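Me: I would like to go through this structure with you, one topic at a time. Could we look at it together?

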Amino acid sequence: MRYTILFFLFFSFITRGQDFDQRFAQIENQIESLSSRSVPQLMDTATFSVSQTPLSSFIRTIGKVHKLNVLVDPKLNEIPVTYNFESVLVKDLILFISKEYKVDIRVRGNILAFNLFKEPPVPAEPYREKKLSISYNPSDSTVSFDVERDSLKLFVKQLTAVSGINVVADQSVRGQLVTGYIQRLPLDTALNKLSVTNDLYLEKQGEVYVFYKSENIDRIPEGGQLKANNRRSNVSRRNAVGNQVRNRPPSLNVRFKDDSTFLINAENIEIEQLISELSFQSKDNFLLTSKIDGSLSLFLNGVTFEQALSAILSSTEHDYSISDGVYIIGQSDSRSFAEAEFLKLNFRPSENIMKDIPQNLIQDVEIKEIKELNGLVLSGSKQRIRLLKSFITQIDKPVANIMIEVIVIELKKGFNLQTGIQAFLADSTVQTGGKVFPGVDMTISSNSINSVLEKFANNGFINLGRVTPRFYMTLKALEDNNNIDIRSTPKLSTLNGHEAKLTIGESVYYVEQTQNITGGVNPITTTSQRFNQVEANLNININPVVSANDHVTLAVTAEFSNFIPPEVQNAPPGNATRMFDSQIRVKNEEMIVLGGLEEVSKSKSSSGTPLLSRIPILKWLFSTRSQQNSESRLLVFIRPTIVN
């Protein structure tokens, strides 16, 4: 530090010398120019002999003798000179005086002004703010610091910068020195400990911690009676009590910054006094038409005069208007403060935004919707309209569009096996016929059976006789397989928070006949037909909600219906329904399986002649068998995409 100061002084000395040398070079050029142009007297020769003569008198004598217009600084009277000059040029004599005594010469036309040269001010050593030992851990909101008789103003400034949490000191304690050593304590606890040990009072106002002078706080002991106690015990009790109501003396700290904004810290200040102080510092004119009663406490930073005035009057029944640069303040119910304003919405539809506005904001304000312009006409006091406009602007934000891709896959597999021989007696003769390939499904008449029996008898085999003409048999050997793959990929688009609906389906019609009989001698029977509709639909309802981290919460309801064969002949087709009702959270453009339904059915049946239907080989002649297997799967995939 010692060497730094010496270097700084040496550099300042050199700089000052260089400043006069540069100025003297300019003076020399000016005198040379004058001597060759407008003031030829400077080229005269002069002879002077002086002893202990004031320099100002010597210069005036030179001007008088050689007819020069001179102005002399009275400060030059304090400089005595003793010289003997023989046959020297006047300009050289003047330059000698300037160089020897550091006299500045200013030229105005043909007038020479002599002034003592003013040394430029020595630049002050730059201020270096002390770096305090303060650390803050945002993960657990703990703070550590080590201060030893350091300024409270410097401590709160650096703590705010390190932690990002506003900590301020009242004007009465900014110069106080504080001492404390804290390691990894919560911020509330650490600041309370510091205030107790340094005889301060700490209060949290919203998100701001404020240090006050201890003796400025009214003590409120148990029982509510004012009582003077030991200062430190009072401070400890106040910090433990929490948010009790305390009356502090009025205090006001207002600073008007270079960017034309205010830093305001007011406590229990009368409203009119606060407005006057703000107006005085910002040079904004105001006119008060009615008295404003009451006081308030506030802390504002980075606000203009108009913003501060709007915040101050928001808690009163007063409002303001601006006329020719003057803020006119008066009762808000006055006609001079009533206005109508059109507010155009940029993103939200005007017909839906009304339900989102709180009732306390629309009191005393008339709102009319104009759908064609997607805007609102607001009528009422300016203050109410400003508050309402501010809120509507906050909620008039772009609403995300969401495209939802739904993939529905339905798989059906079936297997059916029928084998066996059956014998029947009919009312009439049955003809032989049926399917032979692929698979066998034949009806064999009595004639065909008798023909086979006759061939057995003619070839020497056993004679089984003949069957009655109404006798016939069926022979079945069938196997059916079916695979069905149904895939549907509908895409839905909707706004955030709005439900999207999709319906895809088919309809079938069945006939319903009605017979009406009209009585009488000759009854008349009339038959009417009506076609009734049966639907099988795919219904999907999805309501998406987008979170701030691009996650999408989906409320999904899906219904799938299919036709099934009727259980009763000539009855309308049946309807099988499957439903999903789910709520799930997914990332943007992430595909998930919403749900699946799998159904497996297996059945075996047989009928035949007792005992014979169980004997191997013979059972194929004396029984019929049926086997059915079916499998059905339904899968639903969903992928939401946020479209900005």
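Me: Which helix is Ile275 found in?
Reply: Ile275 belongs to helix 7, which covers residues 271-282. Please note that the model is predicted.

Me: Buried or exposed, that Ile275?
Reply: Ile275 is buried, because its relative accessible area is 2%, and buried means under 20%.

Me: And what separates the C-alpha atoms of Ile275 and Ile312?
Reply: The distance between these C-alpha atoms is 8.4 Å, while Ile275 and Ile312 are 37 residues apart along the chain.

Me: Switching to rings. How many aromatic pairs does a search of the whole structure find?
Reply: The search gives ten aromatic pairs.

Me: Where do Tyr83 and Phe96 sit in the chain?
Reply: Tyr83 is in strand 3 (residues 80-89) and Phe96 is in helix 3 (residues 90-101). They are 13 residues apart, and the pair links distant parts of the chain.

Me: How accessible is Tyr83, and what about Phe96?
Reply: Tyr83 has 23% relative accessibility and counts as partly exposed. Phe96, at 29%, also counts as partly exposed.

Me: What about the rings of Phe145 and Phe155, and why is that pair given its class?
Reply: Their centres are 5.1 Å apart and their planes are at 70°, so the pair is edge-to-face; the cut-off for that class is over 60 degrees. This pair also links distant parts of the chain, with Phe145 in strand 7 (residues 142-151) and Phe155 in helix 4 (residues 152-163), ten residues apart.

Me: Are Phe145 and Phe155 buried or exposed?
Reply: Phe145 counts as buried at 2% relative accessibility. Phe155 is buried as well, with a value of 0%.

Me: Which residues form one aromatic cluster?
Reply: The cluster is formed by Phe48, Phe58, Tyr83, Phe85 and Phe96.

Me: Which ring does Lys99 lie over, and which one has Lys283 above it?
Reply: Lys99 lies over the face of Phe24, 5.0 Å from the ring centre. For Lys283, the charged end sits over the ring of Phe280, at 5.7 Å from its centre.

Me: How many cavities of 30 Å³ or more does a search of the whole structure find?
Reply: The search finds one cavity of that size. The volume of the largest cavity is about 40 Å³.

Me: What lines the largest cavity?
Reply: The lining consists of Ile59, Ile62, Gly63, Leu68, Val70, Ile94, Ile97 and Phe114. By class, seven of the lining residues are nonpolar, one is polar and none is charged. Helix 2 (55-65) and helix 3 each supply at least two residues, and the largest share, three residues, comes from helix 2.

Me: What volume has the second largest pocket?
Reply: The second largest pocket has a volume of about 500 Å³. Its lining has 16 residues, of which Val167, Val168, Arg174, Arg255 and Leu263 lie nearest the centre.

Me: Which elements give two or more residues to that lining?
Reply: They are helix 4, strand 8 (167-169), strand 12 (251-256), strand 13 (262-270) and strand 15 (295-303). Helix 4 gives the largest share, four residues. By class, the lining of the second largest pocket has six nonpolar, five polar and five charged residues.

Me: Last topic, the backbone. What is phi of Ser141, and where does Ser141 lie?
Reply: Phi of Ser141 is near 55°, a positive value in a residue other than glycine. Ser141 lies in the loop between strand 6 (133-137) and strand 7, and is partly exposed with a relative accessible area of 35%.

Me: And what is phi of Asn374?
Reply: Asn374 has a positive phi of about 50°, although Asn374 is not a glycine. The loop between strand 19 (366-370) and strand 20 (375-381) holds Asn374, which counts as partly exposed at 21% relative accessibility.

Key
Residues are numbered from 1 along each chain as its sequence is written. This is a predicted model: local features need pLDDT of at least 70, side-chain atom pairs count only at pLDDT 80 or more; totals for chains, interfaces and linings use all residues. Side-chain values use heavy atoms; hydrogens and water are left out. Rings of Phe, Tyr and Trp (its six-membered ring) pair if their centres lie within 6.5 Å; planes under 30 degrees apart count as stacked, over 60 as edge-to-face and the rest as tilted. Buried means under 20% relative accessible area, exposed over 50%, partly exposed in between (1.4 Å probe, protein chains only). A charge sits over a ring if NZ of Lys or CZ of Arg is within 6 Å of the ring centre and within 35 degrees of the ring normal. On a 1 Å grid over the protein atoms alone, a cavity is a set of points where a 1.4 Å probe fits but cannot get out, and a pocket is an open set with protein on both sides within 12 Å along at least five of seven lines; lining residues have an atom within 4 Å of a point. Grid points are joined across faces, edges and corners, and a volume is the space filled by probe spheres set on the points. Ala, Val, Leu, Ile, Met, Phe, Trp, Tyr, Cys and Pro count as nonpolar, Asp, Glu, Lys and Arg as charged, and the others, Gly among them, as polar.
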